[in-house]
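Hello,

Here is the structure we talked about handing over. Please look through it first, then read the notes below.

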Amino acid sequence: MSVAFTRSTAGLVRAQLQRLRTSHLSSTPVASLSVFALRSSFSLCASSRLYRFRQTAAAFSTSAIPAKDVTVTFIEPDGNEVKATGEEGTNLMELAHENDVDLEGACEGACACSTCHVILPDNIYDRLPEPSDEENDMLDLAFGLTDTSRLGCQVMLSPEMEGMRIKLPSATRNFYVDGAKPSHH
Amino acid sequence: MATTVLRVRSKTWSFGIFATSRRFSICRIVERENNIAVVGGGAAGFYTAARILYKSKNTNIDIFEKLPTPHGLVRYGVAPDHPEVKNCMSKFDEVASNERVRFFGNVQVGGTSDDHQPGHLSLDSLRSVYDSVVLSYGASKDRRLNIPGEDGKTVKSGDKNDNRLGVVSARQFVAWYNGLPEAQDLELDLESYDKIIIIGHGNVALDCARILLTDIDSLASTDITEKALEKLSRSKIRHVEIVGRRGPLQVSFTTKELREMTKLKDVQIICDRQLLENECQSTAGQEYLKNSRALKRMMDILFKHSVNSEDASRDLKSFKLSFLKSPVEILFDQKWSDNGNVNVVPQLFKFRINRLEGPPESAKAISTDIFTEIPCAMALRSIGYVSTPLEGAPFDKQRNIVPNIAGRVIDNGVVPGLYVSGWVKRGPVGVIATTMQDAYRTADALVMDINNGHIAADNMPKSSRSAIDQMLEKTRVTQSRVTNEDWKRLEEFEIEKGYQVGKPREKVTDVQEMLNIIRNTA
């Protein structure tokens with residue numbers, strides 16, 4: 001459970017917003033309404049933007065060199081190819097969303113669903129750090145899992161990914177028998 | 001954004017070019033608006049709507065929901081300590097605020113068209129004015145064990161009467177701590193003994209176990225209701241045993257939920273390690289695990305983190321996975337010997353021991369003549385949900401779903417303009433992502449039918465927003481309706497109330513109170 005919390009972007013963002021809000025509330029109680037109004041317009045994009053900011057910041061902190069642009073290609077289930085360029089440190093899910101690639105992200109990058117499942121080329125997959133237990137737990141539930149499957153929200157663009165071709169799994173695998181227990185009778 | 005529009009357009013046109021002989025009708029369809037009603041404002045309903053909006057540019061969608069609040073089990077089912085799972089609500093918000101979507105909360109769909117209760121709508125009335133209706137009303141009931149003692153008993157102890165609860169629905173327990181209005185009066189016994197039994201080896205069982213064993217302070221910052229928090233803070237439950245009739249290779253919970261059990265403070269996991277080893281090491285077991293990554297990883301977690309009963313520490317709380325037991329009956333106020341002390345326990349749950357037969361993927365539980373009894377304060381049943389029929393729609397009583405082919409409802413052939421998505425389409429299994437995919441397939445079928453003119457040809461004259469609004473006015477749905485703006489106002493109230501106590505929100509748990517807040521009369 002502690003893991004669920006620490007990994008939860010939404011939780012973090014909420015905690016930040018809450019801190020902000022409580023400080024507001026304690027100093028100027030009248031301000032509360034406007035803060036809430038702010039929240040409703042803010043909430044849709046807040047979590048992913050802040051998360052992005054956090055990641056970019058993290059990427060920066062390891063080196064003082066400004067982030068480079070990396071271009072990759074997404075291959076949608078129907079074979080359609082979409083070229084996308086993003087800054088180093090951007091995660092693949094966000095990059096897909098910014099480029100209207102048909103990739104979901106139901107939990108908004110909190111590593112709590114498997115809908116941003118992507119399939120990486122072998123050579124890139126092997127060079128990345130192992131997925132965390134939490135990411136693997138979600139991959140357990142992914143449709144069309146392969147040996148080089150990852151969650152898009154957990155993979156950050158890096159210079160060695162230049163030109164990488166990322167496959168999106170076909171979502172329909174076993175769809176209509178989902179839930180039916182395999183039977184030998 | 002512009003690219004999205006272009007891409008969708010090009011998809012429509014490529015279709016138009018493909019079906020050249022229909023060029024005229026395609027033009028007509030592009031001009032014409034389609035009106036779609038979605039029954040049920042949960043994940044299935046919203047994901048179906050989202051996909052229709054994305055795939056078709058000339059559709060209006062009205063979403064009907066029994067409660068004033070949208071989001072179904074995302075609000076009332078997902079555990080309060082899983083806030084990240086609820087992030088999908090922002091997608092639902094996006095759908096609900098789309099100008100082509102109207103939310104009709106507090107509107108019950110059901111009954112017949114003759115029965116004109118205010119705020120009620122029959123499926124027939126909907127079908128008479130909408131081009132298509134999507135049923136996504138989920139699974140509102142749970143499966144019972146059907147054993148003696150399940151419904152509990154009132155017993156006389158000393159000079160007062162005590163309610164022994166027997167077996168309570170885990171679904172109701174979840175709904176209770178999540179603030180579902182109809183579950184707020186649920187009776188629970190968390191104080192008369194230190195153990196609860198949960199029947200079932202799915203994620204709902206693990207959610208219940210986790211909530212019962214989690215340190216109360218870490219729950220306090222979630223959106224669990226104050227009432228539940230207060231009751232749980234008085235809980236004496238230290239041991240939870242989840243019981244399944246088959247073995248470790250037949251569990252249906254998922255890795256994340258099992259891993260969470262290993263991270264609970266002061267809780268040890270107990271299971272029969274010998275059984276675990278036998279099952280996993282058998283030739284059939286090894287073969288099965290080789291092809292089942294998730295199960296393999298779960299068994300690894302169990303091997304790594306569990307202890308046998310006899311090695312369990314008495315100072316720790318426990319979560320016990322118990323296998324090969326079928327519920328037989330509940331006995332009340334029986335004598336029970338624990339380490340030489342004979343006590344009267346509130347309930348004794350009697351089980352029959354099973355053995356397994358057949359390959360792991362379809363192993364059958366075969367009864368033996370051996371029985372065992374486990375004392376507990378109460379038991380929860382978590383052996384699956386069931387959908388209920390809706391008047392006016394066909395229903396498969398064996399499978400408890402609305403019969404369909406790829407989301408198109410069938411009743412001796414396809415019923416034009418009637419679709420189904422989510423649990424009522426495929427049965428109550430899977431996570432939100434499963435429901436999302438499932439809803440998308442239904443939406444794809446619907447949009448394909450619109451593009452093919454199947455729906456338009458059949459319903460052409462009857463669908464228009466004005467006819468719909470007339471019907472809604474006549475059935476007095478317009479007056480009782482809760483709009484998306486109303487809901488947002490209620491949500492702001494909940495969030496504000498939550499902030500005062502350090503929670504993401506404090507849910508309002510009474511329908512009348514919700515309506516009062518919405519109508520500004522609170």
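**Chain A in brief**

Take the contacts in chain A between residues at least 6 apart in sequence: 66% of them join residues at least 24 apart. A contact here means two C-beta atoms, placed from the backbone, within 7 Å. Chain A has six helices and five strands. Along the sequence they run α-α-α-β-β-α-β-α-α-β-β. Helices (H or I, at least four residues) and strands (E, at least two) are DSSP runs, numbered from the N terminus. Of the 185 residues in chain A, 35% are buried. Buried means 20 or more other C-beta atoms within 10 Å of a residue's own, exposed means 12 or fewer, and partly exposed lies in between; these C-beta atoms too are placed from the backbone.

Residues are numbered from 1 along each chain as its sequence is written, while chains are lettered from A and ligands numbered from 1 in the order in which they are written.

The predictor gives the complex an ipTM of 0.86 and a pTM of 0.84. In chain B the average pLDDT (the predictor's confidence in each residue, from 0 to 100) is 91, and 91% of the residues score at least 70. Residues 1-30 of chain B stay under 50. The model has 17 contacts beyond four places in sequence for that stretch. Where pLDDT is low, the predicted coordinates should not be read in detail.

**The sheet in chain B**

Chain B holds an open sheet of seven strands, ordered β10-β19-β11-β12-β15-β13-β14, with parallel pairing. Strands pair if DSSP finds at least two bridges between them. At the edges stand β10 (167-169) and β14 (306-307) of chain B; each has a single partner strand, so one side of each lacks a neighbour in the sheet. Helix α8(B) packs on the sheet and touches β11, β12, β13 (267-270), β15 and β19 (378-381) of chain B. Its direction makes about 175° with that of β12(B). Axes are lines fitted to C-alpha atoms, for helices over the stretch in contact, and angles run from 0 to 180 degrees between N-to-C directions.

Strands β12 (residues 239-243) and β15 (residues 317-322) of chain B pair in the parallel sense over five bridges. V240(B) has F319(B) as its bridge partner in β15(B). S322(B) also sits in β15 of chain B. S322(B) counts as buried because it has 20 C-beta neighbours inside 10 Å. It touches E241(B), I242(B) and V243(B), leaving aside residues up to four places away in sequence.

**The annotated site**

UniProt, in an unreviewed entry, places a "binding site" at H201(B), G202(B), N203(B), V204(B), R245(B), R246(B), E257(B) and G430(B). Those positions are in the numbering used here, feature names are shortened, and annotations may be inferred rather than shown by experiment.

G202(B) lies in the loop between β11 (195-199) and α8 (203-213) of chain B. Is G202(B) buried or exposed? With 22 C-beta neighbours inside 10 Å, G202(B) is buried. G430(B) is in the loop between α15 (423-426) and α16 (432-452) of chain B. G430(B) has 18 other C-beta atoms within 10 Å, so it is partly exposed.

Best wishes

Methods
Predicted model: local features only at pLDDT ≥ 70, side-chain atom pairs only at ≥ 80, totals over all residues.
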